[in-house]
Amino acid sequence: MQIARVALDVPLHRFFDYFVPEGEEMSVAEIGLRVRVPFGRQSKIGIVVELPESSDFPEAQLKTIEAVLRDLPALPADWFRLSEFCAAYYQAPLGEVMLSTLPAGLRRIDPPKARVAKRGAKPGKPQTPPELTSEQQASLAVIAEGGSGFKAHLLHGVTGSGKTEVYLRLVERTLAAGKQVLLLVPEINLTPQLEGRVAARFPEANLVSLHSELTEAARTRNWRAALEGTARVVLGTRLSIFTPLPDLGLIVVDEEHDASFKQQDGMRYSARDVAVFRARERGVPIVLGSATPSLESWANATDTRTPARYTLLTLTERAVTNARLPVVQRIDTRLEKLQDGLSGVLLMAIEKRLARGEQSLVFLNRRGYAPVLTCTACGWISHCTRCAANLVLHLADRRLRCHHCGFEIRVPKTCPTCGNQDILPFGRGTQRIEEVLAARFPQARILRVDRDSAKSRKQWEVLVKQIHAGEADILVGTQMLAKGHDFPKLTLVGALGADAALFASDWRAPERLFAQLMQVAGRAGRAELPGEVLIQTQFPDHPLYAALVRHDYPAFANEQLKEREQAGFPPYAYQAMLRAEAPQMADSLAYLATARAWPQVAAHVDVMLYDPVPMRLARRANLERAQLLVESPSRRALQIFLSEWRELLESIKAPSRLRWHLEVDPLEF
Ligand code: ADP
Ligand code: ZN
Ligand code: ZN
């Protein structure tokens with residue numbers, strides 16, 4: 001009987017052999033079909049990866065495939081290579097990688113009945129493309145010169161400079177060449193405009209979107225349209241980088257610096273990095289776009305010591321005639337007493353906008369009412385019992401909430417330890433600023449926009465509509481508001497609490513702060529109304545703010561890269577993080593210590609292992625967490641080490657409740 005080798009979603013670094021049922025014999029072209037197989041006492045969906053002559057197992061032990069699923073075309077060879085690359089690079093079991101990137105509906109034994117297909121995106125009004133600016137033309141010309149083969153381009157353009165228009169022209173060319181386009185965006189919620197714009201410009205391209213808010217059936221249908229080639233443009237979030245695309249001709253990663261391209265559990269991959277690999281492997285161009293590129297990409301495009309790996313394309317001016325970049329100013333908060341966290345200058349600026357019927361945005365990256373509740377008598381503070389973290393006060397629904405594990409309780413009326421009635425919020429979140437502004441400007445319509453007020457896409461869309469319709473005078477929001485939206489009446493942005501990131505122990509914090517402030521500043525003053533940005537700070541002379549005032553991302557980035565190089569941080573070193581968590585910290589640390597003590601470590605001279613340490617948030621959801629950093633100046637040396645080390649990690653005896661994982665290129669510490 002014919003034997004099929006099958007990849008299954010199990011945490012093992014191996015495949016499984018089965019007999020192909022009689023009368024169902026498979027051809028080589030059918031490698032990549034799904035099959036249903038018996039596994040243990042249940043059935044599982046797997047993917048056929050090979051039709052070997054014989055099995056390494058005694059044939060008597062082999063079971064027979066229950067069904068060969070011929071409802072879909074076979075997964076293409078380049079999709080296999082992509083999965084193999086990810087499994088090897090991220091040290092994840094190949095079967096798990098392959099199956100976990102399929103839509104859930106295709107890996108279930110009992111998929112839900114698909115309803116009649118509804119079209120993916122509804123095309124908006126057809127639009128006539130604008131005349132390109134000379135900078136847009138120049139960028140497009142360079143990309144065209146690069147040809148249809150692999151070439152990585154970094155499109156660095158200030159907000160409103162027309163990056164999207166550049167993408168659209170590239171899509172147009174790619175479609176005309178008979179190829180498919182993959183457009184990656186960080187969060188679909190925040191970029192519905194892009195979906196509409198692409199669909200309107202290319203109604204015949206049958207744009208489909210792929211993201212986590214689709215129903216299982218819709219996701220399956222869209223994915224299938226991509227695989228079958230009927231969808232010519234796929235717009236999706238990080239997981240969509242794994243969509244099989246037989247005619248792929250171009251990949252675009254918009255807002256390439258965004259942290260949501262990083263998957264934070266399971267296989268911890270960076271969709272941006274995988275995208276670059278995929279483009280190279282498929283031999284197609286890739287364009288990474290951002291107003292504030294990641295320092296990794298910036299280094300790849302600007303490092304003059306090695307031949308640049310990416311070409312740098314720059315858009316320095318806003319595309320719409322006369323639209324100028326906002327004026328950014330620092331407000332030195334050491335010089336005056338703040339009123340509930342707000343400076344007199346900012347309050348006056350808001351008042352001016354109210355009088356002119358324009359919108360203001362107060363930006364604060366901290367949701368809730370206050371980060372903690374305290375007792376003035378005994379010093380009690382609201383602590384999460386399951387994490388090494390404080391419970392955040394949410395006055396809107398009178399709850400204390402842990403932002404790490406989701407634990408929540410009602411706000412107590414008196415101090416739980418001493419009974420004192422005088423328990424007070426400490427610090428400020430968006431709800432409190434909303435309250436302060438409401439008291440100060442009773443006539444103003446205030447709208448709060450954060451993860452609490454915009455939990456779903458629906459709520460978010462309602463809020464955006466209200467803002468657009470001018471139904472709000474003052475917006476109070478987190479970085480949610482910073483992304484991808486034009487609010488024509490918004491002319492003032494005030495940023496609060498930014499300083500915290502300047503001296504954070506996470507050395508990536510300044511990079512994130514700069515990106516956020518740039519983005520939020522980009523919301524102010526589009527079209528005819530000039531914008532103003534006021535940053536409250538105790539460190540007005542800090543070089544980060546100085547660069548921001550000049551809209552000078554390159555100066556900021558080059559300065560940061562210099563510091564990183566001196567400190568030996570990425571992108572000048574490659575890192576991996578081993579983390580362990582268990583009910584007892586001693587167990588977590590012991591596991592890491594055993595991993596650290598592996599004698600073979602000495603043979604890897606280019607690889608350095610740090611000491612195991614408790615994580616910054618050492619306890620989460622009753623688990624004690626520790627980490628061990630691995631570093632190397634060579635990506636290859638690190639990879640070789642990790643693939644050997646992983647086998648050791650899997651063999652270490654540990655308490656049954658201990659969990660560990662390995663993360664390559666970690667973003668957070
Ligand atoms: P970005 O993606 O860089 O933030 P967009 O592509 O969204 O910028 O462009 C910002 C605004 O400028 C949009 O309203 C867009 O329609 C407009 N725009 C883009 N390119 C041009 C152009 N060449 N001429 C006129 N308007 C343009
Ligand atoms: Zn007390
Ligand atoms: Zn908690």
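Predicted model: local features only at pLDDT ≥ 70, side-chain atom pairs only at ≥ 80, totals over all residues.
**Zinc site.** I started with the zinc ion (ligand 3) and looked up what holds it. Cys384, Cys387, Cys402 and Cys405 coordinate the ion through their SG atoms, at 2.3 Å. Next I checked the geometry. The angles subtended by the 4 donor atoms run from 105 to 113°, so the arrangement is tetrahedral. Along the chain, the donors follow the spacing C-x2-C-x14-C-x2-C. I then looked up where two of these donors sit. Cys387 is in the loop between strand E16 (372–375) and strand E17 (392–394), while Cys405 is in the loop between strand E18 (399–401) and strand E19 (408–410), so this pair ties together parts that are 18 residues apart in sequence. Is Cys387 buried or exposed? I found Cys387 buried, with a relative accessible area of 0%.

**Cores.** I moved on to the nonpolar cores. The largest one has 122 residues, and Leu517 and Trp645 have the most contacts inside it. I followed up Trp645. Setting aside neighbours within four places in sequence, Trp645 touches Leu578, Ala595, Trp598, Leu609, Leu628, Val630 and Leu662. I also noted a second, separate core of 27 residues, with Ile143, Leu168, Ala199 and Leu313 among them.

**Helix pair.** Last, I looked at helix H12 (residues 509–521) and helix H14 (residues 553–567). Their axes come within 11 Å and cross at roughly 175°. An angle over 145 degrees counts as roughly antiparallel, so that is how H12 and H14 run relative to each other. Which residues meet here? From H12 I listed Pro510, Glu511, Phe514 and Met518, which meet Tyr553, Phe556, Gln560 and Arg564 in H14.

Notes
Residues numbered from 1 in each chain as written. Chains lettered and ligands numbered in written order. Heavy atoms only, no water. Donors = N, O, S within 2.8 Å, 3.2 Å for Na, K, Ca; no water. Tetrahedral: all angles 85-135°; square planar, octahedral: opposite > 155°, others 65-115°. Helix = DSSP H or I, 4+ residues; strand = E, 2+ residues; numbered from the N terminus. Buried < 20%, exposed > 50% of the residue type's maximum accessible area, 1.4 Å probe, protein only. Core = buried A, V, L, I, M, F, W, Y, C linked by side-chain atoms within 4.5 Å. Contact = heavy atoms within 4.5 Å. Axes fitted to C-alpha atoms, helices over the stretch in contact; angles between N-to-C directions. Parallel < 35°, antiparallel > 145°, perpendicular 65-115°, else oblique.
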